[in-house]
Amino acid sequence: MSNHKPWADSLPLDRLIWTLDVVHREGAHLLYSWRSIFEGESQPDATWVAALDERPEEAVRLEAFVSRFGRMQDTMADKLIPRWLDALAESPGSQIENLNRAERLGVISSTESWLIARKLRNRLVHEYMRDASDFAAALEQAKVATLMLIDTYNRLRDDLPRRLTIDESRLPASLS
């Protein structure tokens, strides 16, 4: 198995488009998991969380959602936004600096919301089902935070043809 990364020898714009495609795929999977949990007959409240031990298929869907939520957030904050800034000929900095710059450029709605979602991600992973009510509240927050992640992807994607004059045909589709 090769450790070669397809974008490693490419230009900043090519790395950005490659990463955008990865985030598109992650977002499509996250939305699938989001819908399977939040658009079903039973909503994830404290009773739903407490009953997960008896319903392993629900627990698997929940695990997929939590994993995909964290993965998309990580890829966007650690790779996509810095590569977008690099393609703009800006020097990426710390994660908070990158998020602040993305907010000023209109790609993210709120750095504060991103930081809250980051803490939420950690709560979903590390406090998994300790307290059914707390975990259900965290899931409700993740429901909203997922839409913020999708919105950020779409904003960044839509920014590329305007700011970098990239042909739309080179970009993955928007997420809805």
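Contact here means heavy atoms within 4.5 Å. The legends below describe a predicted model, in which local features need pLDDT of at least 70 and side-chain atom pairs count only at pLDDT 80 or more, while totals for chains, interfaces and linings use all residues. Residues are numbered from 1 along each chain as its sequence is written, and side-chain values use heavy atoms, with hydrogens and water left out.

View 1. Asp-74 sits in helix 3; helices (H or I, at least four residues) are DSSP runs, numbered from the N terminus. Set aside the neighbours within four places in sequence, and Asp-74 is in contact with Lys-79, Arg-118 and Arg-121. Is Asp-74 buried or exposed? Its relative accessible area is 19%, so Asp-74 counts as buried. The cut-offs are under 20% relative accessible area for buried, over 50% for exposed and partly exposed in between, with a 1.4 Å probe and protein chains only.

**View 2. Helix 5 from end to end.** Helix 5 runs over residues 111-126, which is 16 residues. How far apart should its ends be? At 1.5 Å a residue the span should be 22 Å, and the end C-alpha atoms are 23 Å apart, so the two agree. (The expected span is 1.5 Å times one less than the number of residues.) Along helix 5, the buried residues are Thr-111, Trp-114, Ala-117, Leu-120, Arg-121 and Leu-124. As a reminder, an α-helix has 3.6 residues a turn, so residues three or four places apart point the same way. The cover over the buried residues of helix 5 includes helix 3 (56-87), helix 4 (95-104) and helix 6 (132-163).

**View 3. Ser-110 at the start of helix 5.** Look for Ser-110 in the loop between helix 4 and helix 5. With a relative accessible area of 16%, Ser-110 is buried. One of its side-chain oxygens comes to within 3.3 Å of the backbone nitrogen of Glu-112, at the start of helix 5. The Ser-110 side chain also reaches the backbone nitrogen of Ser-113, at 3.0 Å. Both fall under polar contacts: pairs of N or O atoms within 3.5 Å where, within protein, one must be able to donate a hydrogen and the other to accept it, and where residues adjacent in sequence count only if both atoms are side-chain atoms. Across the fold, the C-alpha atoms of Ser-110 and Met-148 are 9.3 Å apart, although 38 residues separate them along the chain.

**View 4. Helix 3 crossing helix 6.** Two packed helices are described by the angle between their axes and the distance between the axes. For helix 3 and helix 6, the axes come within 10 Å and cross at roughly 35°. (Axes are lines fitted to C-alpha atoms, for helices over the stretch in contact, with angles from 0 to 180 degrees between N-to-C directions.) What residue classes make up this contact? It has 17 nonpolar, 3 polar and 2 charged residues.

**View 5. Ala-142 in helix 6.** Ala-142 belongs to helix 6 and is buried, at 0% relative accessible area. Its contacts beyond four places in sequence are Phe-65, Phe-69, Leu-120 and Leu-124. Of these, Leu-120 and Leu-124 are also buried residues of helix 5. Phe-65 is 77 residues away along the chain, yet the C-alpha atoms of Ala-142 and Phe-65 are separated by 9.5 Å.

View 6. Which residues does Leu-160 touch once neighbours within four places in sequence are left aside? They are Leu-16, Leu-20, Trp-84, Thr-165, Ile-166 and Leu-171.

View 7. Ala-89, in the loop between helix 3 and helix 4, has phi near 65°. Thr-165, in the segment after helix 6, has phi of about 45°. Ala-89 is exposed at 73% relative accessibility, and Thr-165 is exposed too, with a relative accessible area of 67%.

Terms used. Helix = DSSP H or I, 4+ residues; strand = E, 2+ residues; numbered from the N terminus. Nonpolar A, V, L, I, M, F, W, Y, C, P; charged D, E, K, R; others polar.
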